[in-house]
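Have a look at it with me before reading on.

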Amino acid sequence: IWDSFFENTNNLIKKNDNVTISEKISEKLEQNRQNSGNIFLDPIYAYSYKNESEFKNHLNTTLYYINQINILLKENNITFILHSYPHSPQISKNYQCYRQSRGLENNKIYSNLIFEELKSFSQENNITLWLSNNVLKNAERPPFYQCDMHINQYGHELIGNFLFNNLIELM
């Protein structure tokens with residue numbers, strides 16, 4: 001659906017503020033491509049690790065706040081379960097529409113280093129970590145929308161079942 005929407009929208013000639021919708025889409029794509037490589041403007045940048053120290057700084061800030069949540073929950077005797085999932089370029093060479101819109105390379109699986117960092121961090125801080133990577137990677141059909149990084153209904157069903165089954169085992 002999104003592939004045909006993107007193609008059809010790209011061809012529209014409807015005027016809006018004296019600029020065609022097609023021009024606005026092209027402008028947005030160009031802006032995304034220009035932002036690529038700046039971790040603060042482009043979250044996809046984190047996949048490629050072009051500048052590891054910049055990425056580590058961002059990661060350390062994120063992990064610091066996750067640990068603050070962990071401390072607060074422990075102080076209040078509340079179980080903390082951290083769940084994370086990959087974006088499509090981290091598990092599949094597909095999703096060309098999304099890759100094109102973000103200026104990502106075709107047929108490349110981007111780094112999963114973030115999940116290794118999360119595993120280490122979780123172990124060090126006694127946090128239960130559940131990763132949906134394999135569930136999504138082994139899906140029978142695409143679990144992500146074709147033209148963006150968000151999980152579609154089927155992907156949400158897979159993750160929901162994964163979380164439900166893990167919660168049942170925990171009880």
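My entries below go from the overall layout to salt bridges and then to backbone angles.

**Ground rules.** I am working with a predicted model, where local features need pLDDT of at least 70, side-chain atom pairs count only at pLDDT 80 or more, and totals for chains, interfaces and linings use all residues. I number residues from 1 along each chain as its sequence is written, and side-chain values use heavy atoms, with hydrogens and water left out.

**Layout.** I counted eight helices and four strands in the protein. For these I took DSSP runs, numbered from the N terminus: H or I of at least four residues for helices, E of at least two for strands. Read from the N terminus, the order is α-β-β-α-α-α-β-α-α-β-α-α.

**Surface and contacts.** I found that 36% of the 171 residues count as buried. My cut-offs are relative accessible area under 20% for buried, over 50% for exposed, and partly exposed in between (1.4 Å probe, protein chains only). The accessible surface comes to about 11100 Å², and carbon and sulfur atoms hold 50% of that; the areas come from the Shrake-Rupley method with a 1.4 Å probe, and for residues only the protein chains shown count as cover. I also looked at contacts (heavy atoms within 4.5 Å). Among those with a separation of 6 or more, 51% join residues 24 or more positions apart.

**Salt bridges.** How many salt bridges does a search of the whole structure find? I got two, taking a salt bridge as a side-chain nitrogen of Lys or Arg within 4 Å of a carboxyl oxygen of Asp or Glu.

- E105 pairs with K108, with 3.7 Å between the closest N and O atoms. E105 is partly exposed at 47%, and K108 is partly exposed at 26%.
- K119 pairs with E116 at 3.4 Å, N to O. K119 and E116 sit three residues apart in helix 6 (residues 113–124), so about one helical turn separates them. Both ends are partly exposed: K119 at 36% and E116 at 44%.

**Backbone angles.** I then checked phi, since most residues other than glycine have a negative value. N77 is not a glycine, yet its phi is positive, about 55 degrees. I found N77 in the loop between helix 4 (52–75) and strand 3 (81–84), where N77 counts as exposed at 76% relative accessibility.

N126 also has a positive phi, near 55 degrees. N126 lies in the loop between helix 6 and strand 4 (128–131). Is N126 buried or exposed? I noted exposed, at 63% relative accessibility.
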